[in-house]
Amino acid sequence: MPAQSFSRADVATTTPWLAPIVWDGIFDLEMIDKIYKQQNITVATTVFALGKYVRFLKDFLESAEQYFMVGYRVHYYLFTDHLDEVPVVTLGEGRQLTVIKTASSNRWQENSLRRMEMIEKLIEEKLMNKADYIFSLDVDSKFYAHWGAESLGDLVGALHAWFFGTSRKGFPYERRPESRAFIPLEEGDYYYGGAVIGGRLDKVHKLAKTCRMQLEVDRANQIEAVWQEESHLNKYFLYNKPTKVLSPEYLWDDKKWKSSYMKVVRFSQVLKNNAEIRPNP
Ligand code: UD2
C-alpha cells in the first residue's frame with residue numbers, strides 16, 4: 001500500500017478504456033521519476049514557428065527550460081523559416097536544440113496541418129535510436145508549472161480546455177461525411193487539442209502518417225476539415241485510443257476563466273491577435 005493516497009473526487013481520473021487522465025494530486029512524482037530516470041530516456045520535442053509565430057519562441061523555450069521535463073534529456077526540433085530570429089536561450093544540461101529550415105505557407109491552416117508530415121519524416125529520418133518519446137507542442141504557448149515524466153505514455157493526447165466537460169454533441173468534430181475526419185454525432189469520447197501530441201516514436205509515427213494520408217485524401221477531394229489536422233487527430237484517437245490522457249492542466253488557455261478543478265496550469269495558450277499574426281484571415 002502506498003503511504004499516501006493519490007486520488008481526486010472532483011474529476012474522472014481514468015477513461016472508460018482505463019487510460020489514466022493526468023491531474024494534479026493523482027500521481028507520486030518521486031516514484032514516477034525513479035522509474036523513468038533509470039531508463040535514461042530522451043524526449044524529442046517538435047516546435048513549429050513559421051512566419052510571425054517566431055515571436056513566441058523566446059517565452060516558449062525559456063519557460064520549457066524552467067518547467068518541461070526538467071532533469072531529462074530533451075532534444076527540441078525547431079521548424080522555422082526565420083533562422084535569424086531564433087532567440088538564443090540557454091539550455092540546461094542534457095538539452096539541445098536543432099533548427100530545421102522550413103518553408104512557410106501563406107495559409108496559416110497549411111502551416112498547422114503540415115506538421116503531421118514533418119513529424120512523420122522527422123521520426124523516420126532522424127529520430128530512430130535517438131529518442132524514446134516525442135511531443136509535438138504549439139509554439140504560441142507557455143509553461144507555467146511542472147510538466148514531467150507523469151505525462152509519458154505510449155500514445156498521449158490532451159483534453160482541449162474549451163471542450164472539457166462539454167457533451168459529445170458540442171464537440172467541434174468534422175461533421176461532413178465527405179471528409180476523412182468525419183465523426184458522426186453519436187460517436188466520440190473527448191475533444192482533444194491539436195496543440196499537444198505525444199508518445200513513443202512508433203506510435204506517434206503511425207498517428208502522424210495516418211493523419212497525413214487522410215489530409216491528402218481530403219485535399220484530393222477538395223475538402224479541408226473544420227479544424228485541419230486537429231479534426232483528423234480526433235478521428236484517429238477515436239479508433240486508436242490514447243494510453244494516457246492529459247487533463248486541461250496540460251493544455252489551458254490564458255483567455256479562459258479557471259474552474260475549480262484546475263489546481264494548476266502547466267501549459268497554456270498565450271493571447272494572440274489572429275488577424276495580425278496569421279498570414280491570412
Ligand atoms: C488549434 C489547435 C492547434 C491546431 C489548430 C488547427 C489547440 C489549443 N490549438 O489552434 O494545435 O490543431 O487548431 O489548425 O489545441 N503555426 C505557425 N505559423 C502559422 C500558423 C501556425 O508556425 O502561420 C504553427 C504554430 O506552431 C502554432 C500551430 O501551428 O502553434 C497551430 O496554429 P494556431 O495556434 O494558430 O492554431 P489555433 O490557435 O487555431
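Residue numbers start from 1 along each chain, following the sequence as written. Because the model is predicted, local features are given only where pLDDT is at least 70 and side-chain atom pairs only at pLDDT 80 or more, whereas totals for chains, interfaces and linings use all residues.

The protein chain contains seven helices and eleven strands; helices (H or I, at least four residues) and strands (E, at least two) are DSSP runs, numbered from the N terminus. Its radius of gyration is 18 Å, close to the 19 Å given by the globule rule for 281 residues, so the chain is as compact as a globular protein of that length. The radius is taken over C-alpha atoms, and the globule rule is 2.2 Å times the number of residues to the power 0.38. Along the principal axes, the C-alpha atoms of the protein chain fill a box of roughly 55 × 50 × 40 Å. Buried residues make up 41% of the 281 residues. A residue is termed buried if 20 or more other C-beta atoms lie within 10 Å of its own, exposed if 12 or fewer do, and partly exposed in between, with C-beta atoms placed from the backbone. Of the contacts in the protein chain with a separation of 6 or more, 74% are between residues 24 or more positions apart; a contact requires C-beta atoms, placed from the backbone, to lie within 7 Å.

Eight strands form an open sheet in the order E1-E9-E7-E8-E5-E2-E3-E4, with mixed pairing; two strands pair if DSSP finds at least two bridges between them. Strand E1 (21-22) and strand E4 (95-101) stand at the edges with a single partner strand each, so one side of each is left without a neighbour in the sheet. Strand E3 (residues 73-80) pairs with E4 in the parallel sense over seven bridges, and His75 has Gln96 in E4 as its bridge partner. Helix H6 packs on this sheet, where it touches strand E7 (155-159) and E8, and its direction makes about 55° with that of E8. For such angles, axes are lines fitted to C-alpha atoms, for helices over the stretch in contact, and angles run from 0 to 180 degrees between N-to-C directions.

Strand E8 is mostly covered, with eight of its nine residues buried. Strand E5 (residues 133-137) pairs with E8 in the antiparallel sense over five bridges, with Tyr133 opposite Arg200 in E8. E7 and E8 also pair in the antiparallel sense, over four bridges, and here Leu159 stands opposite Tyr192 in E8.

A further open sheet has three strands in the order E6-E11-E10, with mixed pairing. Strand E6 (141-143) and strand E10 (252-253) are at its edges, each with a single partner strand, so one side of each has no neighbour in the sheet. E10 runs parallel to strand E11 (residues 267-269) and is joined to E11 by two bridges; Trp252 stands opposite Ser268 in E11.

Ten of the twelve residues of H6 are buried, so this helix is largely enclosed by the rest of the structure. The cover over the buried residues of H6 includes H3, helix H4 (115-127), E7, E8 and helix H5 (201-220). Lys235 lies in H6 and is buried, with 23 other C-beta atoms within 10 Å. Not counting residues up to four places away in sequence, Lys235 touches Ala181 and Ile183. In helix H5, Cys211 counts as buried, with 28 C-beta neighbours inside 10 Å. Leaving aside neighbours within four places in sequence, Cys211 is in contact with Met116, Glu229, His232, Leu233 and Tyr236.

Around the ligand there are 24 residues, of which Asp138, Gly193, Gly194, Ala195 and Glu230 come nearest; a residue is near a molecule or strand if its C-beta atom, placed from the backbone, lies within 6 Å of it. Elements giving two or more residues to this shell are strand E2 (42-49), helix H3 (108-113), strand E8 (192-200) and helix H6 (228-239). H3 gives the most, with four residues. By class, the shell has ten nonpolar, nine polar and five charged residues. Ala, Val, Leu, Ile, Met, Phe, Trp, Tyr, Cys and Pro count as nonpolar, Asp, Glu, Lys and Arg as charged, and the others, Gly among them, as polar.

Terms used
Two residues are in contact if their C-beta atoms, placed from the backbone, lie within 7 Å.
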